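Please look over the structure below.

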Amino acid sequence: MSSSLATTANRTFAPEIQAAAAARSFVRDAFHSWNAPEIVDDAVLLTSELVTNAVVHAGTDVTVSCRLDGGGAEIAVRDELPQRMLLDGARAHDVDPEDLERDGGLGLALASAIASAWGVTYTQHDKTVWFRLDRSRPGTASAVPVGWGDPAPQSPNGLRVVSFRVDDQGRPVEWSDDAEAVFGWTVRQARERTLDELLAGRDPAPGEILQLARWTGVCEFRHSDGSTIPMFVSHIRTNDVRHGIGAVWLAVPEADRALLESPPRAPAAGPGAGEDPWGGLGEALRSRLSLDELLQHTVARARDAVGGDAAYVVLATSEESEWQVRAAAGLQPDPWQPILVRAEETFASMSPDPLPVIHDDLVTHQSRGGRLAMNGMRSMVTAPLIVDGRTTGLVAVASRRPRHFDREAAISLQRGADRIALPVERARLAEVELARRASLSFLAEASDLLAGTLDEDMTAALAAQLAVSRLGAWCAVHLIDDAGTARMAYVWHRDEDRIDGLRLMLDKMPAPDVGLVTEGTIWTEPKVYAARTGDRLAAEIAAGTAMSFSLVGRGRRLGTLTIGRQRGESFNREIADVAEDMSRRVASALDNARLYSDQANMSQALQRSLLPSEVPEIPAVDIALLYQPAGEGTVVGGDFYDLFSAGDHWCVAIGDVCGTGPEAAAVTGLARHTLRALAREGYSPPQILHRLNSAILEEGPRARFLTLIYGELSPREQGGMRLRLISAGHPLPMRVRPTGEVSFVAEPQPLLGAFDEVTFETETADFAPGDVLVCVTDGVTERRHGKLMLGDEGLTEILKECSGLTAAAVATRIERELADFAPDGHDDDTAILVLRFR
């Protein structure tokens with residue numbers, strides 16, 4: 001049966017000609033000491049060739065790592081020259097040996113011919129060539145359980161010890177004669193069933209047992225005749241080249257459980273002697289501890305249980321190639337700060353080990369970026385955290401003494417790892433779920449805030465402040481205009497005292513250019529700037545990581561969102577995903593802001609074109625004109641006014657087209673140009689309005705109703721002015737006398753654009769010096785506050801207080817009174833025309 005433990009050894013050799021011989025001796029001694037003579041010859045041969053290649057071609061120190069497990073051996077040869085590329089393991093089975101000889105010497109050719117697997121691993125700092133030798137290779141002694149067609153081992157002295165192997169689904173793949181004799185199931189019958197069907201009891205459930213690396217206890221087996229048999233079981237989870245992930249079960253009658261049950265350890269002297277070294281862990285698991293508290297308790301207990309000087313726990317992250325050293329005891333810094341490490345730095349093998357591993361000497365081991373060596377650790381034992389067949393983490397205990405840990409220490413550590421694996425994974429998943437919900441809440445809040453403004457610069461400011469509140473230490477937003485020029489829109493830093501310095505520094509750098517790719521891109525310009533200038537703030541910023549996200553809206557680059565994190569705060573996948581999601585929301589908000597700005601500019605330009613560009617001067621008349629668009633002015637309104645000269649008189653007009661938007665603007669333009677053209681041709685007011693009514697009706701479906709005051713103003717010989725006017729469906733014009741008396745100066749007549757046959761009559765009003773003429777649109781008289789409407793009566797009361805005021809003062813008084821009457825704003829355009837006669 002395959003061993004449940006793996007043993008490792010490492011040694012570094014100087015790049016000298018004697019290195020190959022020294023490496024051969026090292027490998028030979030290691031495997032002989034591990035009682036694996038069947039592997040020695042091939043291991044020594046391949047190691048000699050690979051070390052020779054490394055010395056000749058790399059010229060750096062060479063580290064040889066040996067690892068032995070139940071399935072065979074794994075040897076890795078590492079040098080420090082990653083620039084020299086070799087053929088990688090993915091192509092190993094498709095490469096001609098002669099090509100291997102030309103590329104890397106005989107080492108790779110021999111590995112391809114002899115090893116059961118081999119490959120090359122590159123990092124930024126080194127290159128490792130590794131190969132695996134299986135113990136079950138032809139010509140070697142098999143060290144794995146027997147397979148189908150081979151006789152299963154039998155029990156001596158008449159006692160039957162049941163043995164069988166199951167796959168990761170709990171289905172038997174090997175079934176001994178003793179198993180058939182005890183349970184009555186033939187090999188074929190057993191293979192057609194699963195553990196759920198072979199076991200009568202469900203406490204614990206077979207699925208829960210299969211998740212554990214080790215388990216012992218009593219199970220009730222179902223006999224082929226329907227009866228049940230209680231058996232004491234020893235379960236060992238395995239993973240080897242031949243069978244993959246599975247488990248080996250040994251079972252004896254409960255009365256003979258002493259054959260499989262581990263004997264209790266001899267009591268030790270001193271306080272607490274004889275206690276379960278993991279006894280305090282159960283209470284911690286039952287307590288409602290946070291994940292960090294549980295892990296901190298675990299590392300402290302693991303260090304004491306195995307008798308080490310330090311311990312740590314590594315957990316998986318969403319990045320398959322990264323793991324997080326989450327908690328530690330006995331290692332500096334204290335308190336421990338979680339760090340991310342690569343998979344190859346965490347596990348001695350090329351992939352996470354499903355079994356405990358003993359490292360006899362860490363002198364040349366590269367784990368955790370040298371942190372173990374920095375803390376003086378020389379040996380280590382590790383045990384995996386396994387849940388549902390997945391390695392979710394690692395518990396490790398280290399010692400300052402080489403070869404400090406034995407198999408009992410590894411087994412004890414694995415027992416503890418099995419106890420905490422599921423609770424830790426549940427706590428980790430709960431933490432991930434909380435983080436996910438927090439991220440969703442943050443993104444939802446960001447969306448609400450960004451949707452609350454349609455100003456481009458305000459959007460950039462909100463984006464930077466939101467990013468710093470959750471994702472990084474600082475943030476910069478660059479915006480790109482229609483000409484493709486980038487400008488710094490906003491900068492924010494967690495420490496507000498550094499904002500000005502950060503802005504000055506970033507202004508000296510070119511804006512990030514990440515194209516249309518919305519995924520985050522590492523921005524290296526701060527590191528370049530820091531190296532060039534030696535600026536202190538730049539060096540601090542460069543010590544961290546900056547990632548830029550392109551802001552893309554409707555296929556156009558709108559700018560760049562750059563988020564910086566401080567040293568030790570790397571961009572893991574979760575942070576990067578949230579930042580990328582937020583950048584898309586910022587881009588959408590910026591796009592909306594630009595669309596709004598374009599719409600507002602277009603509407604304002606069109607509205608200006610419908611109003612007189614300049615107001616003519618009329619002798620002895622003060623003029624005030626006021627226009628207020630509804631809302632924020634993004635839609636063209638239907639209100640307009642006009643004042644122009646037509647020979648010996650001046651024409652005055654104020655109107656309101658029903659509706660808003662382009663259709664209303666079209667009728668407004670038609671009315672203004674028709675009035676001007678006909679007035680200057682000498683037509684009378686009734687003729688002008690009759691022809692304008694016909695022109696509007698000819699627009700067909702595009703026609704809109706129009707209310708209009710049109711008048712012609714001429715001086716009187718005895719002083720003052722005479723106004724000949726028509727009020728076509730419009731709020732009536734008002735006269736304000738110097739005494740404060742207010743009165744209408746016309747009678748209502750039909751509106752325009754409603755009927756074909758309409759007639760209009762000219763009315764005449766004389767104005768003396770001091771009189772004031774006030775014309776407004778229904779945006780004034782129909783101004784509402786709740787259920788109240790201002791109306792003509794309310795306007796009259798306002799105008800009574802305007803005697804003696806200038807035209808501009810009267811218009812301003814009306815505007816202020818409207819704001820006081822309806823402080824919540826208005827939803828209709830407002831136009832006011834005031835003439836004061838002198």
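**Helix pair**

H13 and H18 run roughly parallel to each other, in what is a predicted model. Their packing angle is about 15 degrees, and roughly parallel applies because angles under 35 degrees count as such.

- Helix H13 spans residues 407-451 and helix H18 spans residues 573-609.
- The axes of H13 and H18 lie 10 Å apart.
- The crossing of H13 and H18 is right-handed.
- On the H13 side, the contact includes Ser 439, Phe 442, Leu 443 and Leu 450.
- On the H18 side, it includes Val 578, Asp 581, Met 582 and Arg 585.
- By class, the H13 contact with H18 has eight nonpolar, two polar and two charged residues.

**Sheet and its helices**

- Five strands form an open sheet in the order E22-E34-E31-E27-E28, with antiparallel pairing.
- Strand E22 (621-628) and strand E28 (742-744) are the edges, and each pairs on one side only.
- From one strand to the next, the twist averages 20 degrees.
- Strand E27 (residues 734-736) pairs with E28 in the antiparallel sense over three bridges.
- Met 734 stands opposite Phe 744 in E28.
- Helix H22 (residues 791-800) lies across E27, E28 and strand E31 (772-776), at about 20 degrees to E27.
- Helix H23 (residues 807-821) lies across E22, E31 and strand E34 (830-837), at about 25 degrees to E22.

**Ser 234**

- Ser 234 sits in strand E9 (residues 228-240).
- Ser 234 counts as buried because its relative accessibility is 13%, and the cut-off is under 20%.
- Leaving aside residues up to four places away in sequence, Ser 234 touches Trp 215, Thr 216, Val 248, Trp 249, Leu 250 and Leu 260.

Key
Residues numbered from 1 in each chain as written. Predicted model: local features only at pLDDT ≥ 70, side-chain atom pairs only at ≥ 80, totals over all residues. Heavy atoms only, no water. Helix = DSSP H or I, 4+ residues; strand = E, 2+ residues; numbered from the N terminus. Buried < 20%, exposed > 50% of the residue type's maximum accessible area, 1.4 Å probe, protein only. Contact = heavy atoms within 4.5 Å. Axes fitted to C-alpha atoms, helices over the stretch in contact; angles between N-to-C directions. Parallel < 35°, antiparallel > 145°, perpendicular 65-115°, else oblique. Left-handed = near helix turned anticlockwise from the far one by under 90°. Nonpolar A, V, L, I, M, F, W, Y, C, P; charged D, E, K, R; others polar. Pairing = 2+ DSSP bridges.
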